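I set out to record, entry by entry, what I looked up in this structure. The sequence and model come first.

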Amino acid sequence: MSYENIREEELKNKIAQEYFPEFDSTQIIGNIDFCVTLKKESQISETESVLWAEAKKGKADIFNSITQLILTVGKARTFDQTLPPAYLGAFDAEKIAFIPYNDIQEIFYLNDFNWNVAPSNYETKEFKQVHEKIKGIIESNSLQFFYENDEQELREFIKNNFVSGKFGISKIRIDKNNFISIYSKWLKLVKPSITINWAIVKKINIIDGDFYLADLLSSENESLKDSLYVLLKKDHYQFEKKLNELEIFDSKFGFFKDKQKAHNLFWNKYERPPKTEYWDYIVERRDLLVPQDVRERKGSFFTPQIWVELSQKYLADLLGENWQDEYYIWDCAAGTGNLLTGLTNKNRIWASTLDRQDVDVMRDRILNGANLLENHVFQFDFLNDPFEKLPKDLQEIINDPNERKKLVVYINPPYAEDTNKKNLIKSSFKGKVAQNKIHDKYAHLLKKANHELFAQFFIRVYQEISGVILAQFSKLKSLQSPNFSEFRKNFQAKLKKMFVVPADTFDNVTGKFPIGFMIWDTNKKEHFTQISANIYDRKGNKMANKKIYSYNQKQYINDWLKQFRIDLGDKIGFLNYRGNDFQHQSMVFIESLGETSMTKLNINKNNLTVSCIYFAVRHCIKATWLNDRDQFLYPNKKWEKDKEFQNNCLVYTLFNNNIQSVHATNHWIPFTEEQVGAKIKFESNFMSRFLAGEVKNDLDLFKKKKNIPQIPLVFSAEAQAVLDSGRTLWTYYHLERGAEVNASLYEIKEYFQGRSEKGKMKNSSADEEYGVLIADLREKMQVLANKIEPKIYEYGFLKG
């Protein structure tokens with residue numbers, strides 16, 4: 001939240017209303033800009049202030065603002081007339097800062113100081129004297145919050161500290177639920193102030209998260225846990241003893257560019273260290289303290305215990321009650337080993353991981369009771385290292401065809417890829433995270449799937465240790481995606497058992513898509529076509545089963561649409577289309593502007609109906625985490641004779657597009673001027689004429705005949721209900737004095753709902769009548785969508 005471009009008085013009112021509604025912010029004490037006091041029923045004295053603050057519109061220097069406040073208070077000796085507050089502070093349009101009054105009160109008793117200067121004159125000797133004197137105090141002790149990024153922490157600080165009789169600061173506590181989000185803030189605010197060659201640090205597998213841990217697990221800027229890779233020593237960092245012996249840096253290194261100012265400002269807000277009960281967990285989850293792209297590359301997406309236990313139950317159901325005594329287990333993407341939690345026979349378990357630090361964590365866990373053998377835990381890069389580097393006993397198993405059949409490769413591998421949705425839009429690559437020896441060796445077998453790290457894990461298992469049981473967590477791309485068609489041809493294993501869960505139940509995954517646990521028998525060669533998978537909700541409750549299908553490369557909906565790229569007739573809009581699955585639903589839209597391209601179709605009178613069928617099919621079923629990877633297909637021909645279905649899709653699309661008259665002529669108004677009470681003529685009556693059968697096609701798309709006579713379209717009861725509801729809304733809009741005659745539905749919604757400070761359209765409107773009308777339209781649209789949905793399956797656009 002930002003308060004730019006408003007006057008100072010308005011800023012004060014907004015800050016009072018937004019952050020101090022439980023307090024009295026109306027009192028005027030001396031010449032102080034902004035005073036917060038406890039309400040009378042909460043006070044233990046006559047006037048108990050909690051904050052005196054200087055306010056500045058726009059963006060201001062906090063040091064200058066607090067200096068001005070001190071001069072204002074000192075000049076009037078306000079503290080002699082009114083009890084001083086717990087905090088002094090300053091705020092502007094983007095931030096607010098607090099400093100405990102006790103930390104600066106001695107300044108008010110300086111000898112031979114001229115308090116009679118103008119506090120707002122920053123050039124006086126007195127201003128500079130106070131500024132210099134308090135600068136160090138403010139840097140060390142002030143608590144600064146930005147409205148946009150620190151709103152939650154700010155509210156928590158006020159709640160915990162602005163109470164009657166409170167002494168001392170209650171800082172924000174760090175626990176296992178928030179240490180990652182606080183690390184993200186640390187990256188932006190503290191890391192840039194550390195003087196160190198990060199490239200060299202990276203080469204010895206030290207991550208910036210190690211510096212964060214040094215800060216977090218410290219007291220008075222001294223690290224409390226000697227086993228950390230990096231230690232904080234007052235005003236600098238140093239490596240733990242073993243790394244110091246490498247002599248890459250001096251024993252003292254990692255000083256601060258700004259004399260620790262940013263470091264102090266940041267940690268002033270948080271309580272350090274966390275409770276000791278969280279220490280081991282936080283250190284074990286060091287794998288999460290890396291940037292997002294690194295976490296993806298290394299597969300640092302912690303498998304929740306609920307799915308670990310369920311996957312082991314599925315293995316037991318398939319392989320038998322005594323499977324742990326009869327099979328060997330190798331997690332070759334182990335991270336810190338949590339997937340192996342709950343397994344009992346440590347003599348038959350191996351765990352390997354990319355990073356030495358993760359090996360150290362697992363071995364530390366062994367000392368604390370983890371059921372693993374130290375010599376079965378080792379560093380191994382599965383996508384680069386030869387199997388000759390494996391422990392001898394594991395080598396013997398994979399080199400013996402009969403013993404190999406008893407090996408379960410049990411993994412939750414990294415899922416990073418070279419491209420993602422954002423990069424598709426930007427037409428750029430994420431960085432060659434998938435480049436390695438396996439990438440090069442099996443590129444001819446993987447083709448497009450070679451961008452995915454988990455596919456590289458699977459193909460190496462299949463090609464080099466075929467015969468094993470592969471039990472793995474992954475996205476469903478390997479089963480469904482068009483980009484995995486070559487992978488499926490070359491990965492011929494039998495899928496024995498499978499369950500599917502929401503991806504956002506995994507640490508650091510926010511997307512709404514499915515993650516599957518699949519058990520493959522690579523000894524049995526079979527081309528995957530379909531499976532009935534068990535589905536579980538986020539709490540582990542079993543839902544109805546779902547069929548997961550494989551698809552052939554040339555049977556997708558976009559292949560069907562491309563045959564209707566017809567340039568006969570004037571353009572009335574553009575259909576944007578990407579992908580063939582639900583995850584790309586938001587990338588399918590109709591707009592006024594554009595140029596015909598590989599993923600943009602020019603809509604005209606000849607392909608309008610087909611364009612609307614495509615759009616409605618892609619949108620009328622809501623995208624969920626479960627259907628996210630389901631593919632839309634090339635339909636059968638039954639839809640061609642179903643005029644009701646075609647017209648239902650047309651009406652659905654008329655009230656669900658991004659057409660805007662400010663960009664180009666709006667050809668999409670489905671009504672005449674008389675029907676909606678427009679005061680002047682529309683720029684285009686194309687759509688109302690099309691619905692009335694007055695627009696002749698130049699080409700019948702199905703019979704390939706020219707100049708087919710048109711008749712008025714006939715609508716189902718559900719489609720007519722949408723048209724009637726839409727007409728009522730349009731009519732209400734045209735009663736408005738500021739109505740734009742050519743407005744589209746998008747612009748009508750924008751008119752009534754307005755936009756937020758960030759420029760996004762708001763979800764509701766203060767106009768109650770509009771609220772009723774738009775709700776009715778949405779309800780009728782949902783009924784129409786429900787009418788269309790079964791036809792989508794009947795005509796083969798989706799498999800049921």
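How many disulfides does the count come to? I took a disulfide to be a pair of cysteine sulfur atoms within 2.5 Å, and the count comes to zero. I looked up C649, which is in no disulfide; its nearest cysteine sulfur, that of C620, is 7.0 Å away. C649 is buried, with a relative accessible area of 0%. C35 is buried as well, at 1%. Buried stands for under 20% relative accessible area and exposed for over 50%, with partly exposed in between (1.4 Å probe, protein chains only).

I noted the basis of these values. The model is predicted, and local features need pLDDT of at least 70, side-chain atom pairs pLDDT 80 or more, while totals for chains, interfaces and linings use all residues. Residues are numbered from 1 along each chain as its sequence is written, and side-chain values use heavy atoms, without hydrogens and water.

Next I turned to a sheet. Five strands form an open sheet of mixed pairing, in the order β1-β2-β3-β4-β5. Strands are DSSP runs of E, at least two residues, and helices runs of H or I, at least four, numbered from the N terminus; two strands pair if DSSP finds at least two bridges between them. β1 (34–37) and β5 (143–146) stand at the edges with a single partner strand each, so one side of each lacks a neighbour in the sheet. β4 (residues 95–100) runs antiparallel to β5, joined by four bridges. A97 stands opposite Q144 in β5.

Last, I examined helix α17 (residues 392–399), where L394, Q395, I397 and I398 are buried. The face turned away from this buried side carries the exposed K392 and N399.
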